[in-house]
Amino acid sequence: MTPLGYSPSAATPRGAWDAPVADHPVDATVTVPGSKSLTNRELVLAAIADGPGTLHAPLHSDDSARMIDALRALGVGIEEVDTGSPFGPDLLVTPPATFRGDSEIDCGQAGTVMRFVAPLAGLARGDVHVTAHESALHRPMGAMIHALRDVGVDIDDGGHWALPFSVRGHGHVRGGEVEIDASQSSQFVSGLLLAAARFDVGLHLRHVGSRLPSVPHIDMTVESLAHRAVHVERPAPGEWIVPAGPVRAKDVHIEPDLSNASPFLAAAMVTGGSVTMSGWPLHSTQPGALLVDILAEMGARVSRRGGALTVAAGDDGILGVDLDLSAAGELAPTLFGLAAFADGPTTLHGIGHIRGHETDRIAALVGNLRSLGGEAHELEDGIRIVPQPLHGGEWKAHHDHRLATTGALIGLRVPGVQIDDIGTTAKTLPQFAGLWRAMLGPDADAGN
């Protein structure tokens, strides 16, 4: 088994990329950098804490850079602390006495930034203009804007219920009782919970939608708050109470990103080999932790030893399954790629909300697979994949990091797959292309 080498200088380039083909079963140990979801939550909590704190092994990517820039625009001190890690420095975060207004925040494509920073902007003194990349202006924000107004945040959105908008910060947010329909994104709930302890009277939040996607991400938020002495009461499903009070400053170690690990683990099954992921936590609220059971259900042999998880191809190949991914929609693109090589049809459901991600992921996955000769069908709340022989062709990333990595996964078995922009993986994993080639070994048919 060959451990992977990596370097921050090996960042994935922009542009078209010929997906490398695996001509042998992979046999590798892989390390991925920190969780994007945890990094951006801990950055927000460190910014409102009662003193300085250090984030150890945070993710350095487009999304985390957007969060850092946003917090700095609000007056938060964030310094890099070099530790020699190939994935980048630690971060020392020093909260300001008062958040600064008269600033502009560009969220890029980062949903966590637009939904987590908007409540903080209400705590600033002065106007904060919040915008995003043109490809992300469609992302749902209406429910968040409505809830923020209900807790006393002054927002001018021009009547569009979407980005861009301006927050007229008055230095404090009233808080109180509020209802929200978070059917489109659990980030609405997390964004409010993260800032709630700094509201004048705290927050009593109720979800009133028909469904609540990605509940593990809300559990992650609640657990991160608990580690900083903010106790969140949960009197009923879809209901949270956060008292007003201090957020404890502390040093935090960020787990590896388990969702970013998913295409590498899936590569073991696609190539008939074995991949070991180092640093796999014994307990995690990341949705990627569900891979242990999901990949086993799809036919893999999964084992843990120490702080590592090993996934190996099973004797019966990849099995077609019926999966409810309502708790882990971000895994759908990788599992879609696996399902293209299964022994029978696969249905992924509970993922209607991923239509509102960087792109309409359901339509994009179906369209890409069909362009390679595959068969897939859009469902109201998911996708059905019927394995067919595939051929090479263009795989469109649609500015979506998880679309790009799915194309790379399919390319392991299908010669001639070209991803139109592999650089979009920099959103959460800048070193993706280098790590992918290293997994395949020095003799791999490397992409551009």
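Author: Contact here means heavy atoms within 4.5 Å. The model is predicted. With that in hand, start with Q187.

Q187 sits in helix α5. Leaving aside neighbours within four places in sequence, Q187 is in contact with G111, T112, R115 and F116. One of these partners also makes a polar contact: the side chain of Q187 meets the side chain of R115 at 2.6 Å. Buried means under 20% relative accessible area. Q187 has 14%, so Q187 counts as buried.

Now R41. Its place is helix α1, residues 36-47. R41 has a relative accessibility of 1%, so R41 is buried too. Beyond its neighbours within four places in sequence, R41 touches F116, S190, L194, H217, M220 and T221. F116 is on the contact list of R41. F116 is on that of Q187 as well.

Both residues belong to a set in UniProt. An unreviewed entry there lists K36, S37, R41, S185, S186, Q187, S214, E330 and H357 under "binding site". The lining of the largest cavity takes in K36, S37, R41, S185, S186, Q187, S214, E330 and H357 from this set. That annotation may be inferred rather than shown by experiment.

Helix α4 covers residues 142-150, and its buried residues are M144, I145, A147 and L148. Seen down the axis of α4, these fall within an arc of 165 degrees, so they line one face of the helix. Just after α4, G152 takes a positive phi of about 105 degrees.

Last, the nonpolar cores. The largest has 73 residues, and F264, L335 and W436 touch the most other members. Helix α7 (residues 258-271) gives the largest share of this core, nine residues. Another core lies apart from it, with 70 residues, among them L74, I105, V222 and V247. Back in the largest core, take F264. Not counting residues up to four places away in sequence, F264 touches V30, V32, V275, M277, L429, F432, L435, W436 and M439.

Terms used:
Residues are numbered from 1 along each chain as its sequence is written. This is a predicted model: local features need pLDDT of at least 70, side-chain atom pairs count only at pLDDT 80 or more; totals for chains, interfaces and linings use all residues. Side-chain values use heavy atoms; hydrogens and water are left out. Buried means under 20% relative accessible area, exposed over 50%, partly exposed in between (1.4 Å probe, protein chains only). Helices (H or I, at least four residues) and strands (E, at least two) are DSSP runs, numbered from the N terminus. The arc is that of the directions from the helix axis to the C-beta atoms. A nonpolar core is a set of buried Ala, Val, Leu, Ile, Met, Phe, Trp, Tyr and Cys residues joined through side-chain atoms within 4.5 Å. On a 1 Å grid over the protein atoms alone, a cavity is a set of points where a 1.4 Å probe fits but cannot get out, and a pocket is an open set with protein on both sides within 12 Å along at least five of seven lines; lining residues have an atom within 4 Å of a point. A polar contact is a pair of N or O atoms within 3.5 Å; within protein, one must be able to donate a hydrogen and the other to accept it, and residues adjacent in sequence count only if both atoms are side-chain atoms.
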